[in-house]
Structure formats: structure tokens, C-alpha cells
Amino acid sequence: MFAGLPQAAQFWLCTRVDTNEVRVLGVRELRSGLAEAVRRAAAGDRTVVTASGRPVAQLGPLDADAPDLERLIGAGAVIPPRRTSEWRPPDPVAVWAGVRIDQVLRELRG
């Protein structure tokens, strides 16, 4: 089948690929079917993402030893949040139409 190729090249081309439970998607297909890919990952399936035909990323279920927030905080990898209450947006500020935003901010900040 690969006549004329050196023996080492023939061996390299004949590697076994296990496609069990692995789906291959391009970036465009992943964008359009992201919800389905996440559902498949939650169900335990893996999806390999390709860019220009080359595998670049993998989407799959979390490993059992995947770090959660408490472990990351304990390891010093992240800083714990300062706010413990639920976030609420600031009160709206009335601004006249046609006013530049830098002037409004300067006035608000004093």
C-alpha cells in the first residue's frame, strides 16, 4: 500500500487510534453544538477539538481528583473572594444625553 516508503515510515503511519467514546469536532462545529458537547462531557464522553485539522484541545468530564475551589485556595493557587454576600449591582446614575463619559466619571469620583 505504501510502496516506496522506508520501513520506519510505514510503521509510523500504521499506529492504532482508539476512537471509543471520543468525538472529534472542529472549532466551528463546537461553537454550534457546545451545549451538546458539554452534555456529552457530563455523561463521560470526551470530545477532541481541532483547529485547521490539528487536535488542539479536549473537552471531557472532570477527573475525580480535579481541584475544587477549596483545594485551590488551600494550595495558594487562587485568592479567596473578599465578598461573602451575594453580589448586587450599584445604583444607577442619571446622565444627560451628549455628556462625555470621562466628564461624568470625573464628577462622580470627585
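These legends walk you through a few close-up views of a predicted model. Residues are numbered from 1 along each chain as its sequence is written. In this predicted model, local features need pLDDT of at least 70 and side-chain atom pairs count only at pLDDT 80 or more, while totals for chains, interfaces and linings use all residues; side-chain values use heavy atoms, with hydrogens and water left out.

**View 1. Strand 2 and its partners.** Strand 2 (residues 46-51) runs parallel to strand 1 (residues 22-26), and five bridges join the two. Strand 3 (residues 54-59) is antiparallel to strand 2, again with five bridges. Strands here are DSSP runs (E, at least two residues; helices are H or I, at least four), numbered from the N terminus, and two of them pair if DSSP finds at least two bridges between them. Thr47 has Leu59 of strand 3 as its bridge partner.

**View 2. The turn of the hairpin.** Two residues sit between strand 2 and strand 3 in this hairpin, and Ser52 takes a positive phi near 55 degrees.

**View 3. A closer look at Thr50.** Thr50 belongs to strand 2 and stands opposite Gly26. Thr50 counts as buried because its relative accessibility is 15% (buried is under 20% relative accessible area, exposed over 50%, partly exposed in between; 1.4 Å probe, protein chains only). Beyond its neighbours within four places in sequence, Thr50 is in contact (heavy atoms within 4.5 Å) with residues including Val24, Val27 and Pro55.

**View 4. Val93 in its loop.** Look for Val93 in the loop between helix 4 (69-75) and helix 5 (101-109). Val93 has 47% relative accessibility, so this residue counts as partly exposed.
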